[in-house]
Amino acid sequence: MAGLPDANRATAVSHRLGWEDPGGAAELADRWVAELDRHGVARAAIIASMPGDEDSVATAVRRHASRFVGMFMFNPAAGDATVRLSRALGEHGLRGICLFPAMHGYRLDDERVKDVFTAAADHRAVVFVHCGVLTVGVRKKLGLPSPFDLRLGDPLALAAVASRFHAVPVIVPHFGAGLLREALMAVEQCATIHLDTSSSNGWMKYYPGLTLDQVFRQALAVAGPDRILFGTDSSFFPRGWQQPIYAAQDAALVSIGAAEEDRQKIFAGNFDRLFPG
């Protein structure tokens, strides 16, 4: 696929992965809104999952401001940090900065990460930090290596930085993605850290016998119902919205006797509080 124009390359990759051609940013945004409507979902976060693709998310947010909260992948080790942050959080109106330290090769207690938190504080944004195990399904399907340094996604290092920025909410997806113990310790140390429940939570295979019910029970015991947010990791069509993820998580919460009020916070209220419409 080398040498193809960007649009043709994207189409070729989509076909190879079994995805449907996403089309333009506005077209894809409309399709996701229709998908959310079909499943009764009021609002969702959308993330520019490639550095520099903030324009696409900004287009979707402008088109459906009441439905989407815009976020973007950011590498603080890149050279254009200040300009990109200012443009994304200011001009584009995006509201979440997504850090992937294992992918981009920096420590979470690096001074450049502190600069990210400073920008988030200045723009009242949220910092989303992927800790623990990081796998990228697209790379596997394309036969590409994933040379990530998992040692860099340490929730304890994140807590050391986040605790200095009391006005910046922090979201850690997948319950810490295999670092559940450390993520819970970070949550207890730092009151701004929230756990995101997203994906199938396949990391539980690293904890023999652990169930989703037990994960939710422990997370509620440490984080409380105000610092857990539901997530699906829905990402492409034809898969669309991952209804089985929602069903499994709702069933787990019902199974452990979570109060209806707490379930409402996890599935909607906490998101709306962090990202008021």
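## Basis of the description

The structure is a predicted model, in which local features need pLDDT of at least 70 and side-chain atom pairs count only at pLDDT 80 or more, while totals for chains, interfaces and linings use all residues. Residues are numbered from 1 along each chain as its sequence is written, and side-chain values use heavy atoms, with hydrogens and water left out. Helices (H or I, at least four residues) and strands (E, at least two) are DSSP runs that are numbered from the N terminus.

## The sheet

Seven strands form an open sheet with parallel pairing, in the order S1-S2-S3-S4-S5-S6-S7; two strands count as paired if DSSP finds at least two bridges between them. Strand S1 (44-48) and strand S7 (228-229) are the edge strands, each pairing on one side only. Strands of a sheet pair through backbone hydrogen bonds, either parallel or antiparallel.

## Strand S2 and its surroundings

S1 and strand S2 (residues 68-73) run parallel and are joined by five bridges. Contact here means heavy atoms within 4.5 Å, and axes are lines fitted to C-alpha atoms, for helices over the stretch in contact, with angles running from 0 to 180 degrees between N-to-C directions.

In a regular strand the side chains alternate between the two faces of the sheet. Both faces of S2 are covered, with Phe68, Gly70 and Phe72 buried on one side and Val69, Met71 and Met73 buried on the other; buried means under 20% relative accessible area, exposed over 50%, and partly exposed in between (1.4 Å probe, protein chains only).

## Helices H6 and H8

The axes of helix H6 (residues 111-123) and H8 come within 10 Å and cross at roughly 55°, and the two helices are therefore oblique to each other. Angles under 35 degrees count as roughly parallel, over 145 as roughly antiparallel, 65 to 115 as roughly perpendicular and the rest as oblique. Val113, Lys114 and Phe117 in H6 meet Leu158, Val161 and Ala162 in H8.

## Arg164

Arg164 is found in the loop between helix H8 (155-162) and strand S5 (170-172), and Arg164 is exposed, with a relative accessible area of 53%.
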